[in-house]
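Please keep the sequence and the model open while reading the points.

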Amino acid sequence: MRAFDSEQELRAEHLKSSLLPVSQPVAAKGATTTRKASTSASVPVELEHLTAINSVTVKTADGVRASADRLDVDVDPATRRQDVRLLGKPAHVANKDNSVTGPDIEIIPADQVYHVRGPAQVHLIQRETPQS
């Protein structure tokens with residue numbers, strides 16, 4: 001199974017998703033929205049929940065790569081905030097500078113927060129920011 005758009009690609013052996021009709025015309029930054037061509041029979045939808053199982057890989061346009069046995073994505077319909085969870089033996093998430101490997105990784109993209117349950121390997125580069 002392969003699902004993709006211009007910003008991301010997801011591959012897995014099995015994929016299950018729940019979609020909701022879009023009530024607002026523009027999605028919040030970071031929300032996953034699918035829009036069909038406008039016809040009288042089509043309704044814009046956005047992701048509510050996604051589960052991908054077995055041989056899961058994710059690639060994004062900004063260089064994030066992830067692999068896991070299972071991926072769950074939940075989107076709060078009110079705030080459109082995503083909660084991402086990767087399970088694996090081990091699961092792995094990396095970008096150009098950083099990587100996290102562990103059996104249970106939870107990511108809250110809007111807050112740039114990672115929670116790792118169980119033994120983990122973490123490689124992070126802290127960038128200096130200019131002070132005002």
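1. The model is a predicted one, and its residues are numbered from 1 along the chain as the sequence is written. In this prediction the protein has 10 strands and zero helices, so that, read along the sequence, the pattern is β-β-β-β-β-β-β-β-β-β.

2. As for burial and surface, 30% of the 132 residues of the protein count as buried. Among contacts between residues at least 6 apart in sequence, 42% join residues at least 24 apart.

3. The largest nonpolar core has 19 residues, and within this core the residues with the most contacts are L71 and L86. At least two residues of the core are supplied by each of strand 5 (45–60), strand 6 (65–75), strand 7 (82–94) and strand 8 (99–108). Once residues up to four places away in sequence are set aside, L71 touches L10, L50, T51, A52, V56, V58, V84, R85 and L86.

4. Strand 5 and strand 6, both of which contribute to that core, run antiparallel and are joined by nine bridges. In this pairing L50, one of the residues that L71 touches, stands opposite V73 of strand 6. The hairpin that these two strands form has four residues between the strands, and there G63 takes a positive phi near 95°.

5. On to the next pairing: strand 6 and strand 7 are also antiparallel, with nine bridges between them. Here D72 stands opposite R85 in strand 7, and R85 is itself among the residues touched by L71. The hairpin of strand 6 and strand 7 has six residues between the strands, with R80 taking a positive phi near 65°.

6. Is E9 buried or exposed? This residue, which is found in strand 2 (residues 8–11), counts as buried because its relative accessible area is 15%, whereas the cut-off for burial is under 20%. The side chain of E9 makes a polar contact with the side chain of R2, at 2.6 Å. Leaving aside neighbours within four places in sequence, E9 is in contact with R2, A3, F4, T57, V58 and K59; of these, V58 is also listed among the residues that L71 touches.

How values were computed:
This is a predicted model: local features need pLDDT of at least 70, side-chain atom pairs count only at pLDDT 80 or more; totals for chains, interfaces and linings use all residues. Side-chain values use heavy atoms; hydrogens and water are left out. A nonpolar core is a set of buried Ala, Val, Leu, Ile, Met, Phe, Trp, Tyr and Cys residues joined through side-chain atoms within 4.5 Å. Buried means under 20% relative accessible area, exposed over 50%, partly exposed in between (1.4 Å probe, protein chains only). Contact means heavy atoms within 4.5 Å. Two strands pair if DSSP finds at least two bridges between them. A polar contact is a pair of N or O atoms within 3.5 Å; within protein, one must be able to donate a hydrogen and the other to accept it, and residues adjacent in sequence count only if both atoms are side-chain atoms.
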